[in-house]
Amino acid sequence: MAADGAKSFARRDRLLEIEQKVRGWWDEKDVFRAEPGKKPPEPDEKFFGNFPFPYMNGILHLGHAFSLSKLEFAASYHRLRGANVLLPFAFHCTGMPIKASADKLRREIEQFGDPPDFAREMEEQVESQQETDDAHGSAPVDKFKGKKSKAASKSGGQMFQWEIMRSFGLSDSEISKFQDPYEWLRFFPPLAMEDLKAFGLGCDWRRTFVTTDINPYFDSFVQWQMRKLKSMGKIVKDLRYTIYSPLDGQPCADHDRASGEGVQPQEYTLIKMEVLPPLPAKLGRLEGKKVFLAAATLRPETMYGQTNAWVLPDGKYGAFEINETDVFILTERAALNLAYQNFSRFPQKPSCLVELAGYDLIGLGLKSPLSFNEVIYALPMLTILTDKGTGIVTSVPSDAPDDYMALHDLKVKPAFRAKYGVKDEWVMPFDIVPIIDIPEYGDRAAEKVCMDLKIKSQNEKEKLAEAKRLTYLRGFTEGTMLVGEFAGRKVQEAKPLIRAKLIEIGEAVMYSEPEKRVVSRSGDECVVALTDQWYITYGEEEWKKLAEECLSDMNLYCDETRHGFEHTLSWLNQWACSRSFGLGTRIPWDKDFLVESLSDSTIYMAYYTVAHLLHNDDMYGTNKPHPIQSEQMTDEVWDFIICGGPYPKSSTIPSSTLDKMKQEFEYWYPFDLRVSGKDLIQNHLTFSIYNHTAIMAKHHWPRGFRCNGHIMLNSEKMSKSTGNFRTIRQAIEEFSADATRFSLADAGDGVDDANFVFETSNAAILRLTKEISWMEEVLAAESSLRTGPPSTYADQVFANEMNIAVRMTEKNYREYMFREALKTGFYDLQAARDEYRFSCGSGGMNRDLIWHFMDVQTRLITPICPHYAEYVWRELLRKDGFVVNAGWPTAGSPDLTLKAANKYLQDSIVLMRKLLQKQLLGSKKGNKKGPPVATLTQDKITGLIYVNEEFEGWKAECLRILQRKFDHKTCAFAPDGEIMEALKNSSVGQATNFKQTQKLCMPFLRFKKDEAIAIGPQALDLRLPFGEIEVLQENLDLIKRQIGLEAVEVLSVADPNAIAKAGSYASLLNQNPPSPGNPTAIFLTGNSS
């Protein structure tokens, strides 16, 4: 903790002691145990909220805590309001990350020993490298650099798994046990549970569980779900393109990825450009084969306009066997993707006959499908990216700006041709072939847009990107084919037809690769594979309609979140739900496969409702005797509990237990809120909607999702590698649980990234402990407080501020705006209390109000700082029961007029203080030989406060005009011209000095219009809604104390006798005349006249 000394740590330690004591109270009475009511709940009578169970390959961190805090604060608010709250929590172990980490650990032990000696092995590697380099006459290798390089190469740029395990606090003697993936399940979930208990999570821990087949009860639930979906035709076996990990030997879904989450396969048409004989010597090994340059294109309809092919001169290529007769020349990366799509002589293994450079391909004669040029040539292009497509690019200069400029450069630059050995006959005869007509761009769109943008070279990347943006979409949506079999048809109609025709006649094949780079958790780069496996049919039309119907009725708390779901529903298609590697539940009808991690986590929220009846306080479902055996949880039983199926007559479970399980589900479902990071919209959360609509009745569909962004620490990305990282346990040890929660609430509530600030946590430690000390002091001196009913103006204002705080904080909690709830329920309330203390003066604070304040503040902060609140409730306020379910504080209706009056009073005091300073400084400036300001302020000063409670003259007329020209429904004014016309026709406009007055009217009109739009039509009233003189008169003592005056008089500027009291300072009233809301003060010292 950033602390100045032992005292700061003492405050933190005090909070930690309080938290430990409070958790003991909660545990003793099982405060967060959730039991269903005897009858179905009325609206707002129950609250069931949940959170995506975290993956158990490590320790929970502040990123988990941030999202979870939103659920915890919401549940705590509903519990405080009197709702019956269920907040359960479980632990996800399905999938490949745990197995991959365990296998990585095993490989490290095999290679480096147990415990491993990484340093020795790396030194050996360096020495070996030095010997190799010396043998080749190389310079000596720097040993330090050699070590670093070796570490990076061995760990793929990441830490060794053994080092990661050490960072969890495990000793070397413990780590080797984690070669067994199930050891992770035994170690991390109980640790996470202890951290969450220390955090103060209001959870019914009886319902916790782990996933995978280690838990036979949850295993039966997932198997039932999968069989249910299959029986409804929602799971099918199909051959489809999917992101795939060659190392793991299985599809790589979002949660299996180290990077590339959300990336989908990108489909291309692979054009087979036949290499014409004679083959050059470099390709001699390919004699007798059909050799093709394989170019990936997204625009097969443009192939009519090919003038050449492009290769990267420095690019690395290979000639790969596709089958016994065909050879494709392309990059190794593309060949690997093709090998997993059944385009390789040896399945899933690219077979390279010749390694080639781009230079070797320049000048090859080609016969390309659909091209009007019988022979085209491979030419150099310097901007080709070999990590996208095949490294071979078709050239259509009529419609592709890049192609147009590259061909143009070759034509006009002989030196460029000579550099790469390009013969004139390969380039000069080839002109643009018009193939598509685009409105405004004609039939040579690329040429036109390049000329319009004044592009001079293929190296002007930004301009070319803009040219592409301008032509590509217009070409697809509005272009018309001019040539070929589909001439006269729109491009968007012709494109799929041309593609299908090319594939049908064997001149092209379908090819797919990841849209962007994807790396699996095992560390290998993924490909796209054509796999025959089990899929869930998301995107199917009728099912999609149900999902959209469910979404339309859900509370999502944010338009951006809704748009994210709508976008996901628009593209989401079949999802591979089976895996062959990792942990999980076996596919019931195909035991070779596991249910993948995003498919066993879609409706498990329903499992929470009965988990405690199955598990007997055992999260694994196997460590204790159980009243129900997992084998008894048949499909008929699950159907009965969750789907309203018939009573399972064949079941051996007692009928009373079956009825109890069904009652639990019917009472708690549907869940009211699921809180999650926004990154799960594109998969998990949308899957949850789909599965609920398929399996459950409409009245059990989810009611709400609340999504948030990621969290930063001190305005920087949270990162283990930089050290800007905290686990939940570390944060609690550093700041305490409640100060951590306080800072999480303050971090932000939207879908943008939030910011956890350490200084806010430290400030919370100080605020909470100082508040405890203040309450202890007040209660110790309670007899000195003023008794009787609240009676003073300050009493009324303070009581009103508490009423406002109760109402506004309730609104903020209800809308899940926890930062605002912290402001209105704590910061604003503290400010009101501090103002009240000062305002009371010698009369003292009212005892009943102070007790009410302590009660209100304690309840309002309870959802955010429950340990602190519980301690205050029991130890200081001596209240019965627990504050966490004490009920929302009672409050009267807020008096907004009184609030406005108090703001007027406080603003007036600030204004008067400035006027006094100005007047005294003015005296010093005007009389250089006079006494200094300090001397003057020691004199007895009398304040004369002049008030004008009603607008008069031209101001009053302006306001009356604005009142008539204001539309109360739209909160808008008539046009300025209409207002000015009314002003000219008014008594002000008819006056002889109107031009002079108009200069004053214009800024006044603008100010009042803005004020009315901001706060409403009351801003146009001629008087304030309270008596200014009355407010000031009631608070003379406060004004005297705040400003340091001997005496104060409140006077009306309309009283001639009052003006006379100002004496020689009366001219100040003309310089700064008072107006409603803006009194003018004049100060008289002992020697003033």
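Guide: We will take the features one at a time.

Visitor: How far does the model's confidence go, and what is the average pLDDT?

Guide: Begin with confidence, since this is a predicted model. The average pLDDT is 90. A score of at least 70 is reached by 94% of the residues.

Visitor: Which residues have a pLDDT under 50?

Guide: Residues 1-6 stay under 50. The model gives them 10 contacts beyond four places in sequence. Residues 132-157 are also below 50. That stretch has 21 contacts beyond near neighbours in sequence.

Visitor: Next, the inside. How many residues are in the largest nonpolar core?

Guide: To read a core, look for buried nonpolar residues joined through their side chains. Here the largest such core has 123 residues. Phe89, Phe91, Ile850 and Tyr868 have the most contacts inside it. Helix α2, residues 62-80, gives the most to this core: 10 residues. A second, separate core has 69 residues, including Phe48, Val222, Tyr608 and Leu685.

Visitor: What happens at the ends of α24?

Guide: Ser736 caps the N-terminal end. One of its side-chain oxygens lies 3.2 Å from the backbone nitrogen of Ala739. Just after the helix, Gly748 takes a positive phi of about 135°.

Visitor: Now charges. How many salt bridges are there?

Guide: Look for a side-chain nitrogen of Lys or Arg within 4 Å of a carboxyl oxygen of Asp or Glu. The count comes to 71. Take Glu35 and Lys660: their closest N and O atoms are 3.9 Å apart. That pair links distant parts of the chain, 625 residues apart. Glu35 is in the loop between α1 and β1, while Lys660 is in helix α21.

Visitor: Which salt bridge does Glu301 form?

Guide: Glu301 meets Arg299, at 3.2 Å from N to O. Glu301 has a relative accessible area of 1%, so it is buried. Arg299 counts as buried too, at 12%.

Visitor: And what about Arg833 and Asp834?

Guide: Their closest N and O atoms are 2.8 Å apart. Arg833 is buried, at 3%, whereas Asp834 is partly exposed, at 37%. Salt bridges can also share partners. One network joins Asp30, Arg33, Glu35, Asp204, Arg206, Arg207, Lys660 and Glu664.

Visitor: Last, the strands. In what order do the four strands of the open sheet lie?

Guide: Read a sheet across, strand by strand. The order is β4-β3-β19-β20, with antiparallel pairing. The edge strands are β4 and β20, and each pairs on one side only. Strands β3 and β4 pair over two bridges. In one of the pairings, Ser245 has Gln250 in β4 as its bridge partner.

Technical notes
Residues are numbered from 1 along each chain as its sequence is written. This is a predicted model: local features need pLDDT of at least 70, side-chain atom pairs count only at pLDDT 80 or more; totals for chains, interfaces and linings use all residues. Side-chain values use heavy atoms; hydrogens and water are left out. A nonpolar core is a set of buried Ala, Val, Leu, Ile, Met, Phe, Trp, Tyr and Cys residues joined through side-chain atoms within 4.5 Å. Buried means under 20% relative accessible area, exposed over 50%, partly exposed in between (1.4 Å probe, protein chains only). A polar contact is a pair of N or O atoms within 3.5 Å; within protein, one must be able to donate a hydrogen and the other to accept it, and residues adjacent in sequence count only if both atoms are side-chain atoms. pLDDT is the predictor's confidence in each residue, from 0 to 100. Contact means heavy atoms within 4.5 Å. Two strands pair if DSSP finds at least two bridges between them.
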